[in-house]
Amino acid sequence: MTARSVLQQADIARALTRISHEILESNRGLSSVDGEADLVLLGIPTRGVLLARRLGAILDGIQPGAVAVGALDVTMYRDDLSKNPTRASSPTEIPPGGIDGKTVILVDDVLYSGRTIRAALDALNDFGRPRAVRLAVLIDRGHRELPIRADFVGKNLPSSAEERINVRLSEIDDSEEVTIG
Amino acid sequence: MRHLLSTKDLTRDNAIAILDVAEDMAGVADREVKKLPALRGKTVVNLFFEDSTRTRVSFEVAAKRLSADVINFSAKGSSVSKGESLKDTAQTLAAMGADVVVIRHAASGAPKVLADSGWIDAGIVNAGDGTHEHPTQALLDAFTIRRRLYGPDSRGRGLDGTTVTIVGDILHSRVARSNIWLLTTLGASLRLVAPATLLPVNTSGWPVTVGYDLDAAVDAGPDVVMMLRIQAERMNASFFPSAREYSRQWGLDDERVARLPAGSIVMHPGPMNRGLEISAGAADSAQSTVLEQVANGVSIRMAVLFHLLSGSDA
Amino acid sequence: MSIRITGATLPDGTSTDLFIENGVFVDKDTSTGSTTVDADGLIALPGLVDLHTHLREPGFEQSETVLTGSRAAAMGGFTAVFAMANTLPVQDTAGVVEQVQALGARHGYVTVRPIGAVTAGLAGERLSEIGAMAQSRAKVRVFSDDGHCVSDALLMRRALEYVTTFGGVVAQHAQEPRLTLGAQMNEGALSSELGLAGWPAVAEESIIARDVLLAQHVGARLHVCHVSTAGSVDVIRWAKARGIAVTAEATPHHLLLTEELARGYDSRFKVNPPLRRDEDVLALRAALADGTIDIVATDHAPHPVEAKDCAWDEAANGMVGLESALSVVHTAVVASGELGWSDVARVLSGKPAEIGLLSGYDTPFRVGSPANVTLYDPSATRTFAVSDLRGKGLNSPYLGRELPGRVIATLHDGYATVLDGELVDGDTVARAAHHG
């Protein structure tokens, strides 16, 4: 089966810019309190972290100092650890200001069953108590197994369960695109 | 990974994967909630036929931080010391539904016998068997060396080009054996220094150089000097004439530490005989990693338990 | 009772019919209604003699009894075994050796010749009642503390001298005890890696060197049990060249297996002396071929399951060997061409009987000689299994291994103990033994 490209580099850039504006929109009046960002973007490794950094950069350009960016590894919180091959964990980086009382936006590349986000919500619990938690994803491919939905979506991409969706980002991959097939 | 019996079985990729997960586990100790749910519902049994409070507690903390249930089945004062066999104990633990058995045993190979026996289906972690191996100690030593050398850039790295000198009772040391295989796999080069009586009679198959002269080894400027514990009973069995003579010839004293390169590391698996194989000054120097080794032990054991209990091959 | 064996191949390669009547070979079939055994394609060996068996009775009947050990022996083609002294009570008095001898005679599967302890209680401190055992109904001629070395040089000298008085021989378990404190396997690169305490070759070789010099000095006969190292072979070769009256045995397992088997810590491979290196195995085979090592003896050492179901350090030493001995010798030295079948007859029958002063084995197959015969099918192969064992001990190192050959029939003093590859039942054997 050959993979079909559904988002190109420019599409991805556009989607992220749009999401950035939507985030600002829904957090109107957001500012830094005593120099500490009110909004925390936490990327879920591996590609969610890269997307969070890109969103952070865009938001910083619009409203400097308004957001902090980090990473949240959910490996140890998964409910399928003994069913799948051993996963390597990744570092978790919580920004210095922590997450207590902040609005946390979880960022991931693809939203599928929702189990990763469930694990992320559990993980978040062990780091503090955010005021609110939102979810931003580049792709929503459907097939949810849990009552979870994204607040910010780059592209809805209806897919069959057999299809594989591949997000490639130029920071770590040799191309920049989203393919399905 | 089904069992951890010997560091000889670890590939470089396996070993680095364990060290990398341990890096992430280390972060948990600094959090307010020092617990991960990864092994919720799993049962880890500490089966200690030999006393070792340090190692047992380290495994216990590791298992609990991963939310596993921990059962300590220690030999002293139990049926184990009254002649109940390894087999009966293993079958009892199997009936209790143990997922992992961490075993410490005075007989070399006992963990392998358990793993191969069919008496129990659990994953087996060798927590020290006779004079054979102590794989988690070697992993935590490698982890400690890597962190000292590379700090936050440790992930993904081996120990290529690192020079390590191990000094002391090599003959009876399971720590030495596990370190020899693991550190070599990770790219380090090893030198053993001991009196001839405390070296195995034949080390031809070992990837090491062997010498008797600690001063020459110190002057060679190794990145790491690892001191092994000397047990008093060796002296009575004529492995060396007296503690004084041993200390003078093969002890890491203040003068020898001073001659080491500034960035070198002094390690000891503990418990130390201060004044015998290592001076108090050397043990407490900035180069000493003794306390880091203890802390890192928990992270490594978390990583090992995680590797054994996650994954479809487990 | 008469038996006719047709078309058997003798060890020298000639083919013949054999006729047996009243326990001895006769020159032709005179009786009617005799049993006929078709031995076409089978090798007829003289009944095998094991100079080194542990029958465990009295005292350790959970491991083996005289009856079960005799059945294992018959199944392996043996018609006589020498039973080691480490029973409980120890075979160090006339009473105990007579009891063991009588048990063997009652069951009738094989001739059981007890070995007497050299020192009282195997304690290595003072001589046992050697004269009383020699003059008892058991007529003990071989004395050994096997399992323990007679390490005290003065005591060994006295034993060698005193046994000479009765025409006996001391069979030494050569193991310097201090050099082998806590020893678990051959000392070398592998023991270093596995962290198992080493059993150095020198601990065997130094005792053999001392003992051959002692034997020379006092003009006594010495037998060396289970020689296991190339160095020991050199010492014995040197001693024989000097005209010293020394004989030596190798076990089947030391002719086939090496220390590499310890790698998995499977205690079935734990034995004393330990399995050695490849070069030791090769040296033992060459020594057996050139006569430096005189005989093969099994050191059949049965243990209950629990003695082996444990960590290596905690496991008992020893392997069962009677049922597999001939096949192992076949694969180790016959298949390689180092020994022919007449050599096998020598090292597993004639010579061990000679060393142990057991009569009836010096002129096999000759008219008038006792009819002790083993019929062996050299073309068979089998994966050795628990079902091939007939003793109580299941601690065979060969389980799951492909072995050549099979014992088809064993005749002890003219009556069958094994027929068609299976043991004859105990009542029939006992009746035949007492009738004859």
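The model is predicted. Chain C holds 12 helices and 19 strands. Its radius of gyration is 20 Å, close to the 22 Å that the globule rule gives for 436 residues, so chain C is as compact as a globular protein of that length.

- Along the principal axes, the C-alpha atoms of chain C fill a box of roughly 65 × 45 × 45 Å.
- Buried residues make up 58% of the 436 residues in chain C.
- Take the contacts in chain C with a separation of 6 or more: 75% of them join residues 24 or more positions apart.

**How the chains meet**

- There are 2 pairs of chains in contact, and chains B and C share the most contacts.
- Chain A and chain C have no contact with each other. Their closest C-alpha atoms are 27 Å apart.

**The sheet in chain B**

- Strands of a sheet pair through backbone hydrogen bonds, either parallel or antiparallel.
- In chain B, 4 strands form an open sheet with parallel pairing. Their order is β2-β1-β3-β4.
- The edge strands of chain B are β2 (69–74) and β4 (123–129), and each pairs on one side only.
- On average, neighbouring strands of this sheet are turned by 15° against each other, direction ignored.

**One strand pair up close**

- Strand β1 (residues 43–48) of chain B runs parallel to β2(B), and 6 bridges join the two.
- Val45(B) has Ile71(B) as its bridge partner in β2(B).

Note on methods
Residues are numbered from 1 along each chain as its sequence is written. Chains are lettered from A and ligands numbered from 1 in the order in which they are written. This is a predicted model: local features need pLDDT of at least 70, side-chain atom pairs count only at pLDDT 80 or more; totals for chains, interfaces and linings use all residues. The radius of gyration is taken over C-alpha atoms; the globule rule is 2.2 Å times the number of residues to the power 0.38. A residue is buried if 20 or more other C-beta atoms lie within 10 Å of its own, exposed if 12 or fewer, and partly exposed in between; C-beta atoms are placed from the backbone. Two residues are in contact if their C-beta atoms, placed from the backbone, lie within 7 Å. Two strands pair if DSSP finds at least two bridges between them. Axes are lines fitted to C-alpha atoms, for helices over the stretch in contact, and angles run from 0 to 180 degrees between N-to-C directions.
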